[in-house]
Amino acid sequence: MAVHHLLRRGISGGSPFHPLRGLLLVSQLGRRQASSAAAGDAVAELRGAREDVKQLLKEKSCHPILVRLGWHDAGTYDKNISEWPKCGGANGSLRFEIELKHAANAGLVNALKLIQAIKDKYACVTYADLFQLASATAVEEAGGPKIPMIYGRVDVSAPEQCPPEGRLPAAGPPSPAEHLREVFYRMGLNDKEIVALSGAHTLGRSRPERSGWGKPETKYTKNGPGAPGGQSWTSQWLKFDNSYFKHVKERRDEDLLVLPTDAVLFEDPSFKIYAEKYAEDQDTFFEDYAEAHAKLSNLGSKFDPPKGVSLD
């Protein structure tokens, strides 16, 4: 019903019109309309950013580093800390130099440089949302599952709000299973989610100059795409599938990487249940991965609106 009709008839339809009530109604309707318009603009910008990320992936073949960017922003979450943003998580803090210099984030400044132009183009999109959007889109565009993402994450505003160093997983800890559980349980994730998320190593390479792990180059990486070199976990390291689990299980190719935290997936009795299943059944892996990735992407996030928004 038009506003002027409501003003003429009164708020309750047939009751006498009261000017203050009418003004209140106009104010409330105006706020709702402005809020709806802002939400619509934000969704439109997020969709535009997603298309630009897809184009970036086609041009640069940068799927692995964008997945890592989203993971490392979210992976600092500590479920034992209730206060935001001290709890860490997907809040855009990884854009600050102090966090980019954490040892586990070596090389991620390159990911930030890749997507900065997209951030500049879409002012309504937060860094926290863009990091997670880029990560999920990279998985999907590499042939992986559709991830049920929501957006509307609020950014931290200053480097003083960055989490302390040491919350992300290491590649070669003395007790790999214990270390994985310590890190991921702190985030509120379980054994199935640990194994499913590990499957994202089907994408990308380890570079010894950054992580201290892997060969300088292999027959799979010496010609790129992108900057040549490093050692990949799979032969087709820009394709998202379940081949990571097959290789870690078989270990027949010396040019493919197996870290201690990879090998333990088939050694620890609880992890092995899921690793064996994913090596045999890609559909199950995709289903579990999509659910775990979405959960990871929301850790520690503060949303506006509170329930977030979907693009699909």
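Where is the place of D281? Here are a few notes to read alongside this predicted model.

1. Let's begin with that residue. D281 sits in the loop between helix 12 (269-280) and helix 13 (282-298). With a relative accessible area of 32%, D281 is partly exposed. Together with D283, E287 and E291, D281 forms a negative surface patch.

2. Now for charges that pair up. Side chains of opposite charge can pair when their charged atoms come close. Searching the whole structure turns up 18 salt bridges.

3. One of these salt bridges joins E97 and K101, whose closest N and O atoms are 3.0 Å apart. Both E97 and K101 are exposed.

4. Next, have a look at R181. This residue forms a salt bridge with D191, with 3.0 Å between the closest N and O atoms. R181 lies in helix 7 (residues 176-187) and D191 in helix 8 (residues 191-198), so the pair ties together parts that are 10 residues apart in sequence. R181 counts as buried, at 18% relative accessibility, and D191 counts as buried too, at 11%.

5. R181 also forms a salt bridge with D268, where the closest N and O atoms are 2.7 Å apart. Because R181 is in helix 7 while D268 is in the loop between helix 11 (260-263) and helix 12, this pair ties together parts that are 87 residues apart in sequence. D268 is buried, with a relative accessible area of 12%.

Key:
Residues are numbered from 1 along each chain as its sequence is written. This is a predicted model: local features need pLDDT of at least 70, side-chain atom pairs count only at pLDDT 80 or more; totals for chains, interfaces and linings use all residues. Side-chain values use heavy atoms; hydrogens and water are left out. Patches are made of residues with over 30% relative accessible area and no salt bridge: like charges are joined within 9 Å, nonpolar side chains (Val, Leu, Ile, Met, Phe, Trp, Tyr) within 5 Å. Accessible areas come from the Shrake-Rupley method with a 1.4 Å probe; for residues, only the protein chains shown count as cover. A salt bridge is a side-chain nitrogen of Lys or Arg within 4 Å of a carboxyl oxygen of Asp or Glu. Lys and Arg count as positive and Asp and Glu as negative; His and the chain ends are not counted. The place of a charge is taken as NZ of Lys, CZ of Arg, CG of Asp or CD of Glu. Helices (H or I, at least four residues) and strands (E, at least two) are DSSP runs, numbered from the N terminus. Buried means under 20% relative accessible area, exposed over 50%, partly exposed in between (1.4 Å probe, protein chains only).
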